[in-house]
Amino acid sequence: MQKFTIFTIIFSVIVVSITTELVIQDYLQKLYPPTGTLQASTLSDDFGVYYEDETPEPKTEEEAQVVEEEPDTEPTEEELQDRTEKVKEILDRRRGVVEEDEPTSNNGSVRVRTLLPALTIEGVKLIDLDYPGKMFQIIDTATVEASNIAYGVLQTNQGTIGSMYELKFRNEIKAEEGFNIIRLQAEDFEGIETNKTDQFGESSFYINNVVKVNDVFVIFHQDNYIYAFAYKKDFHEVFKAFFAVLV
């Protein structure tokens, strides 16, 4: 009887110990889950938040060139402007925008109108007209990169005495290129001769027309402007004095 009682006590202690250990292990697993399980759960939750289900558009060669490593020194204003222009070109192409040259417009010649009183011809006035596309009705200026072309006729009480053309360019280099193009075109016409005198502005030449012998045709350029005038030969000396003021 005593042996049975001792055995029962020992068996009860073993059962209680095993049960207690199982309960503690289960509690610890809930409180501190295994490392692998925790990482898998975290990645699963965050993936949908931080990574959208879309493939990024690959960069073009030009885009790759724009995105460069930051230099050790701060970029100059010229470098920043170059980068800005490159980025703008890329964005424009992606939007299907084709960059075109600034359209030619006719806003009238403010300079000629302001200085017109220096043209000492009684009652003279400048009438702005739409540019017909050709200078002196013969020289096509379509290939000349002017940003603005002003055209008008000079009138007095006795009628029209001449015409005026003012071509404005972005800079002096473009103006000189345009001047040379116009001169070469004038030389190609039969019955027309050019006489380069550089008498007005930086460069100038006359057009001698064998048909219109009573008219003077002169073209000159100064800074980023080209001027062309046609007028009656009787007013030549007066116009020469006006050109000295104009340029």
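Colleague: Why does Lys240 count as partly exposed?

Modeller: Its relative accessibility is 25%. Buried means under 20% relative accessible area, exposed means over 50%, and partly exposed lies in between (1.4 Å probe, protein chains only). So Lys240 falls in the partly exposed class. A word on the basis. This is a predicted model, where local features need pLDDT of at least 70, side-chain atom pairs count only at pLDDT 80 or more, and totals for chains, interfaces and linings use all residues. Residues are numbered from 1 along each chain as its sequence is written, and side-chain values use heavy atoms, with hydrogens and water left out.

Colleague: What makes Glu237 and Lys240 a salt bridge?

Modeller: Their closest N and O atoms are 3.7 Å apart. A salt bridge needs a side-chain nitrogen of Lys or Arg within 4 Å of a carboxyl oxygen of Asp or Glu. So the pair qualifies. Both residues lie in helix α7 (residues 236–246), three residues apart, about one turn of the helix. Helices (H or I, at least four residues) and strands (E, at least two) are DSSP runs, numbered from the N terminus.

Colleague: Why is Glu237 called exposed?

Modeller: Its relative accessibility is 54%, so Glu237 counts as exposed.

Colleague: How many salt bridges does the structure hold?

Modeller: Eight. One of them joins Glu145 and Lys174, at 2.9 Å from N to O. Glu145 lies in the loop between β3 (139–140) and β4 (148–156), and Lys174 in helix α6, so the pair ties together parts 29 residues apart in sequence. Glu145, Arg170, Lys174 and Glu177 are linked in a network of salt bridges.

Colleague: Which residue forms a salt bridge with Arg183?

Modeller: Glu187, with the closest N and O atoms 3.4 Å apart. Both lie in helix α6, four residues apart. Arg183 has 19% relative accessibility, so it counts as buried. Glu187 has 37%, so it counts as partly exposed.

Colleague: Why is the pair of Phe179 and Phe205 called edge-to-face?

Modeller: Rings of Phe, Tyr and Trp (its six-membered ring) pair if their centres lie within 6.5 Å; planes under 30 degrees apart count as stacked, over 60 as edge-to-face and the rest as tilted. Here the centres are 5.4 Å apart and the planes stand at 65°, so the pair is edge-to-face. Phe179 sits in helix α6 (residues 172–187) and Phe205 in strand β7 (residues 203–209). They are 26 residues apart.
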